[in-house]
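Reader: I would like to learn how to read aromatic pairs in a structure. Please start from the general idea and then go to the case at hand.

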Amino acid sequence: MSGTHSGTHSGTRSETHPGTAAGHGRPEPDEPPRALYVYALLPDPGAEALPDTVTGIDGRPLRLVGDVPGGPVALVHATAPAPYQGPDEDVRRWIVEHDRAVDAAWQLTGAVLPMTFNVLVRPEEGQSAEQRLLSWLAERRDELMARLDDLAGHAELRVEITLDREAAAVSNERARSLMADMAESSPGVRRLLAKRLETARREASEHLADTLYADTRRRLAAVSEDLQDRRRAVRDPGETDVLSVSLLVRQDGIETVGRVLAEIQDEQPAVRIRFLGPWPPYSFADLGHGPGGAEDPPPGGAVPGLRT
């Protein structure tokens, strides 16, 4: 697909991109048996095509697989039937390249069901990987198209809200008293009081975080179509968590989310906000068993979680 679209529904689109396989110790994609690495599912773009510069992992040529007019298609590259494994540096690069391919498909069609890293469809029981994928797409056509319709024009945002412990405890009487005592104490006593001060600040920030959580979550839910709690991607020892969520929002609603976050920041100076995105809706593409079957990685935000 990465070049031209065949304009037919005979099973697959022809590959016209020369793509190469960088040396990561895997067989070349034309060595049998061939598997398919799946990046995303998307509506058939018809005559539209990804730019020639868009390639997959290690520069692999991309193509679309699908044979039902107007139905869902899968963005794939041919590969060996083994997952991508290697040093952390290589894995991070592969994930970034995976993410770029998904993002290009999203920009092209405005709707996409992203797969997480390392979703493979392998040959099985006398069927090629392509036959298995086509069968899966046909069986779940209505469900997939309904989900793509739901996600059209939407993006995922990540919001992490924390409290700076020192700023959150500025008005705390115990913390202020300990700071005053430290100013008049010997070095040894100051070290003891510093530990007590850290405890006081942590307790004050945790109390304030509990107070803020319900209100901030309600306000964000009001300006998004779906919201999922998630773990923080980055932790700072001087901060206390308030909430970490993924939001599904319409593209034209992103600025509204930004205004709500600005209001929250203005109301509480101790708040620290990380606002990430927009991304394809990784956290909202739950398909149960994906095209690779039960071995698929669980759906979710594995890829954008690395984009900071």
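**Aromatic pairs**

Author: A search of the whole structure finds 5 aromatic pairs. Rings of Phe, Tyr and Trp (its six-membered ring) pair if their centres lie within 6.5 Å; planes under 30 degrees apart count as stacked, over 60 as edge-to-face and the rest as tilted. This is a predicted model, where local features need pLDDT of at least 70, side-chain atom pairs count only at pLDDT 80 or more, and totals for chains, interfaces and linings use all residues. Residues are numbered from 1 along each chain as its sequence is written, and side-chain values use heavy atoms, without hydrogens and water.

Reader: Why is the pair of Tyr84 and Trp94 edge-to-face?

Author: Because their planes stand at 65°, with the ring centres 5.1 Å apart. Tyr84 sits in the loop between strand E4 (72-79) and helix H1 (88-109), and Trp94 in helix H1, 10 residues apart. Helices (H or I, at least four residues) and strands (E, at least two) are DSSP runs, numbered from the N terminus.

Reader: Is Tyr84 buried or exposed?

Author: Buried means under 20% relative accessible area, exposed over 50%, partly exposed in between (1.4 Å probe, protein chains only). Tyr84 has 2% relative accessibility, so Tyr84 counts as buried. Trp94 is buried at 1%.

Reader: Which residues do ring pairs link into a cluster?

Author: Tyr37, Tyr39, Tyr84, Trp94 and Phe117.
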